[in-house]
Each structure stands twice: as structure tokens, then as C-alpha cells.
Amino acid sequence: PIMRSVLLLSLIGLSGCQPDVSLPNTLIPPGCRLGLATYIYENYTGDSTVYLYDTFGHLMQMGTVRKDKGRITRNATSTYGYSKDHYLTIRTDRTVTYPSGPSVVFEGVFSYEYQGDPKRIQAIKRISGIGDSGDLSQTNFQYNGIQLSQLREVTSAGVTSTLITFRTDGRPSQIQKANFQTIDLSNGLISRTISGRDTTLYIYDGQGQPTLINTSSGTTGERIERALTYDSRRPTRTGELKLRGFPDSDLTGYGQPQSNVLTETVRQFRFGLLTATSTLRYSYAYNEQGYATGYARSDGTRARFYY
């Protein structure tokens, strides 16, 4: 037991925040796991998200409240349930919006099914209602041995809305989506999409983070160029326990965040002429584990992160 504790502590020391589900909650530094995030925008709108965990360290509930000038306009909650051997088995999404009239409620319940030894996620099925994922009814995962080879999302009408095949390194090799005519990839990352008459080009840094997103509209002649820079610190919500039985793959094609945005510059063009430009700058504070405890943005937005 002493040797095992020393080994676990050495793992913590090496990685700072270890999300492996085999580690006990008591060995994960408290500064790794986000408990509350609050955002205040310049138009008196604000968001706050609360994260609740059980004694083992599983995320049990995530709830976001949006306020507009002090009035709650949206309340979204996701609740999670786990098996005794720490596999996610059920998720309930509940969203309530408060327009000028009566409130509108959406609720969806999703089950998680596993197969194999060790168990791997096989399907996520909507078993009642409609969740934040809208018409999505089921997500199926296929494997080549232990390696994820294909992901398929199906609507309630039985129509495939998303089909992704994967390379052996976990990155996508092909992506098909119902609302895109074309999705091109380069080195496992989306490089170009065409949807209707809109075309978007993506450029990434060496860590797979987007540094330039260029969207052109064939209808209006407008083009929006969005350039991003990053710090070298860890983004929030990367110290939580990984979901057991889930593949460590990029399921989007847009890369996985490795750090925090420092600047965001937007340039707008119309028929080739520059019409507007703006830059948002982020200034962060960090805790001992290297995670941001908040930021101030140049447009007046403020964020605080509590662990």
C-alpha cells in the first residue's frame, strides 16, 4: 500500500492534475477541478455555471444560468449517473427558457451502453424527450480492436446526420455532415467546409489549435477573418476525471484545446475591401496548478473560475 501511494503521488507530481479514473479523489489537487465559472458581459448579461462532483470525483451535475439585466432568461442543467465500476450510464438534460411569455421546457434522457473487455462505449441513446442536442436520437461507436474506427450520429427519423471515420492516431480521416456539402481535412484536422454558399478555411498551430478562421459568403460578398493567439497554460476543465470507456480521440475534427486564447482579431471585408477590424485581448490570473482563475477582456467582459 505504501509503494502504491508513492506511485500515485508521483503521478500527481509529474502531471499536476491527473484525470485517470483509477486515482482516488483525495489525491487530485483541489485546484484542478472547476467548481464555478461566472461571466459578466458589457451589456449587463451574465452566465454562471456550477459543477458538482461526488466523493469519488465524478461530475454529477452541471448547471448554467443566464441573466439579462438581472432577470433569468435561461436555465440549463445536465445530471449524470454512474455504475459501481465508474462508467457513465445515464444523462438527463433539462433546459428552461424564459421569454416574455410562459417558460419553455426541453428535457432529454440519454443512456450509455458499453461492450467488450475492457468495456468501451458502444452507443448513446435518447430514451425520452428532447435534449440540448435537438433531434439527435443515437450515437454509435465502432472499433477496430481497441481503436475507435467510426462514429455515427442518427436522428429520430433514422437519418445519419454525422459520420466520422478515424485514423489510428485518433484523429478523423473523413467527416460527413448532413448540412455540409464538403468537409476537407489536413493531417486529421478540418481545413475547409462548404455549407450552402458559405466557405470556411481553417489554419492551425503545431498543437492543433486554430489560429486563423476565414469565412466567405457567396451570397453577400462578405468575408470575415478571425485570428487567434494563445498562452502556454492549461485550459479550464482539463483536470476532471476522464470518462471511463470513452476513446481518447478528437470527435470534432477541430482539434482539442491545449491552452487559453490570448487575443482574437476579427477583420471584416466586403467585395475585397476592409470594412472593420477589432481585437479582443485577454488578461489571465492563474493558480498553482497552472489553471486560469479568471480573466479580464478588453471589451469589458470579466470571468472568474473557482476550483
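Visitor: Where is Pro-118 found, and which bond joins Asp-117 and Pro-118?

Guide: As a general idea, most residues other than glycine have a negative phi, and most peptide bonds are trans. In this structure, which is a predicted model, Pro-118 has its place in the loop between β6 (104-115) and β7, and the bond that joins Asp-117 to Pro-118 is a cis peptide bond, with omega at about 5°.

Visitor: How many residues apart in sequence are Arg-197 and Thr-220, and what is the distance in space?

Guide: Arg-197 and Thr-220 are 23 residues apart in sequence, while from C-alpha to C-alpha they are 9.5 Å apart in space. Another case is Gly-300, in the loop between β19 and β20 (302-306), which is partly exposed at a relative accessible area of 34%; Gly-300 and Ile-40 are 260 residues apart along the chain, yet their C-alpha atoms are separated by 8.4 Å.

Visitor: How many aromatic pairs does the structure hold, and why is the pair of Tyr-202 and Tyr-204 called stacked?

Guide: A pair of aromatic rings is described by the distance of the centres and the angle of the planes. The structure holds 13 aromatic pairs. In the case of Tyr-202 and Tyr-204, the ring centres are 6.5 Å apart and the planes lie at 20°, so this pair is stacked, because planes under 30 degrees apart count as stacked. Tyr-202 is buried at 16% relative accessibility, and Tyr-204 is buried too, with a relative accessible area of 18%.

Visitor: Which residues do ring pairs link into a cluster, and which residue lies over the face of Tyr-286?

Guide: Ring pairs link Tyr-39, Tyr-282, Tyr-284, Tyr-286, Tyr-295 and Phe-305 into a cluster. Over the face of Tyr-286 lies Arg-233, at 4.0 Å from the ring centre. Elsewhere, Lys-119 lies over the face of Tyr-87, and there the distance from the ring centre is 4.3 Å.

Visitor: Which strand does β16 join by bridges, and what residue stands opposite Leu-228?

Guide: β16 is joined to β17 by 9 bridges, and the two strands run antiparallel; Leu-228 stands opposite Glu-264 in β17. Moving on, β17 is joined to β18 by 8 bridges, and these strands are also antiparallel. Together β17 and β18 form a hairpin with 2 residues between them, and in the turn Phe-271 has a positive phi of about 50°.

Visitor: What is the volume of the second largest pocket, and which residues are closest to its centre?

Guide: Rolling a probe the size of a water molecule over the atoms shows where empty space is left. The second largest pocket has a volume of about 520 Å³. It is lined by 27 residues, of which Pro-235, Pro-257, Ser-259, Asn-260 and Val-261 are the closest to its centre. The lining of this second largest pocket divides into 16 nonpolar, 7 polar and 4 charged residues. At least two lining residues come from each of β1 (36-40), β16 (222-230), β17 (261-270), β18 (273-286) and β19 (292-297).

Definitions and conventions
Residues numbered from 1 in each chain as written. Predicted model: local features only at pLDDT ≥ 70, side-chain atom pairs only at ≥ 80, totals over all residues. Heavy atoms only, no water. Phe/Tyr/Trp six-rings, centres within 6.5 Å; stacked < 30°, edge-to-face > 60°. Buried < 20%, exposed > 50% of the residue type's maximum accessible area, 1.4 Å probe, protein only. Lys NZ or Arg CZ within 6 Å of the ring centre and 35° of its normal. 1 Å grid on protein atoms, 1.4 Å probe; cavity = no way out; pocket = protein on both sides within 12 Å on 5 of 7 lines; lining within 4 Å. Points joined across faces, edges and corners; volume = space filled by probe spheres on them. Helix = DSSP H or I, 4+ residues; strand = E, 2+ residues; numbered from the N terminus. Nonpolar A, V, L, I, M, F, W, Y, C, P; charged D, E, K, R; others polar. Pairing = 2+ DSSP bridges.
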